[in-house]
Structure formats: structure tokens, C-alpha cells
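Please read them with the structure open beside you.

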Amino acid sequence: GTPENFTPEQLGEEDAFIKEIMRTPIMEHLYSVLHSKKLYNSKVELEEDLKKMWFGLYRRYNNVLDSSGFEHVFSGEVKRGKVSGFHNWVRFYLAEKNNELNYYSYNYNGPWVNYPDVLAMQFNWNGYYK
């Protein structure tokens, strides 16, 4: 992977995103529950943790800080020649519509007895398979 470098504008967009989602009823409820359990003393603390969880960089391969949870889940990424993440159905739809993605099939459930059902999809995204 290629090391990530962020501009002040990009960092500002991350902050704005976190602030905006914190205004939603579900995130207000989440904070309320976490605060009631004494896990957070302020919304600012939760916002800081969310920013680290979603936008903090981690290593996918070769010891290079080149990915984030947000990128993995919402954008998708290529890891060792295969698609990893890409869990956002809106992004999936748009990529397929723009001929960047070719959907093949799905596999529902697995050999698990004590785990929730799983939906796995097979597709090719810009030449990489998942």
C-alpha cells in the first residue's frame, strides 16, 4: 500500500462528518447509553474515539499505514490482490451502475451454528475479485 497523507481540508472534512453524524437521533441515543454507563463523560470524548476508530490509520500489508476503518467499510480496498471491505450497498450500487463492478452471485449463511447468518457476495471490482 501507499502511505496516507491528509491535507488540512481532508482532516476538516473528517471532523465535519463526525460532528454531523453526532447530531442524528441514533448517535444521540448511543451517547446517552454510553454516558449512562459512565463510559464517556462528554460528547467530545466520544467524537474523538469515533474519529480514531473510523479514520485512524492501520497497516494492511508491508507495515505501511495505508488504510482506515471508514475506507475499509464504506469505500472498499484491495488487500493482497483481493477486495476487502466494501460493505456499503450505496457505493456497491453506484460502482455497478458505472461499470466499475461486476456482480456474480451471493452465498447466504455458513456452516455456523451459534453465529448470525452471513451474506457474502462475489464480484469483480476494477479487476479485483471478492
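The points below take up the salt bridges, then the aromatic rings, and then one histidine.

1. Please keep in mind that this is a predicted model, in which local features need pLDDT of at least 70 and side-chain atom pairs count only at pLDDT 80 or more, while totals for chains, interfaces and linings use all residues. Residues are numbered from 1 along each chain as its sequence is written, and side-chain values use heavy atoms, with hydrogens and water left out.

2. The structure holds four salt bridges, a salt bridge being a side-chain nitrogen of Lys or Arg within 4 Å of a carboxyl oxygen of Asp or Glu. One of them joins Lys 51 to Glu 14, with the closest N and O atoms 4.0 Å apart; this pair links distant parts of the chain, since Lys 51 sits in helix α3 (residues 43–55) and Glu 14 in helix α1 (residues 8–21), 37 residues apart. Helices here are DSSP runs (H or I, at least four residues), numbered from the N terminus. Glu 14, Asp 15 and Lys 51 are linked in a network of salt bridges.

3. Glu 47 and Lys 19 also meet through their side chains in a salt bridge (2.9 Å, N to O), and this pair, too, links distant parts of the chain, with Glu 47 in helix α3 and Lys 19 in helix α1, 28 residues apart. Glu 47 counts as buried at 13% relative accessibility, whereas Lys 19 counts as partly exposed at 43%; buried means under 20% relative accessible area, exposed over 50%, and partly exposed in between (1.4 Å probe, protein chains only).

4. The count of aromatic pairs comes to eleven, where rings of Phe, Tyr and Trp (its six-membered ring) pair if their centres lie within 6.5 Å, and planes under 30 degrees apart count as stacked, over 60 as edge-to-face and the rest as tilted. Phe 70 and Phe 74 form a tilted pair, 4.6 Å centre to centre with 35° between the planes, and both lie in helix α4, four residues apart, about one turn of the helix.

5. His 72 lies in helix α4 (residues 69–75) and is buried, with a relative accessible area of 19%. Its side chain makes a polar contact with the side chain of Ser 84 (3.4 Å), a polar contact being a pair of N or O atoms within 3.5 Å, where, within protein, one must be able to donate a hydrogen and the other to accept it, and residues adjacent in sequence count only if both atoms are side-chain atoms.

How values were computed:
Helix = DSSP H or I, 4+ residues; strand = E, 2+ residues; numbered from the N terminus.
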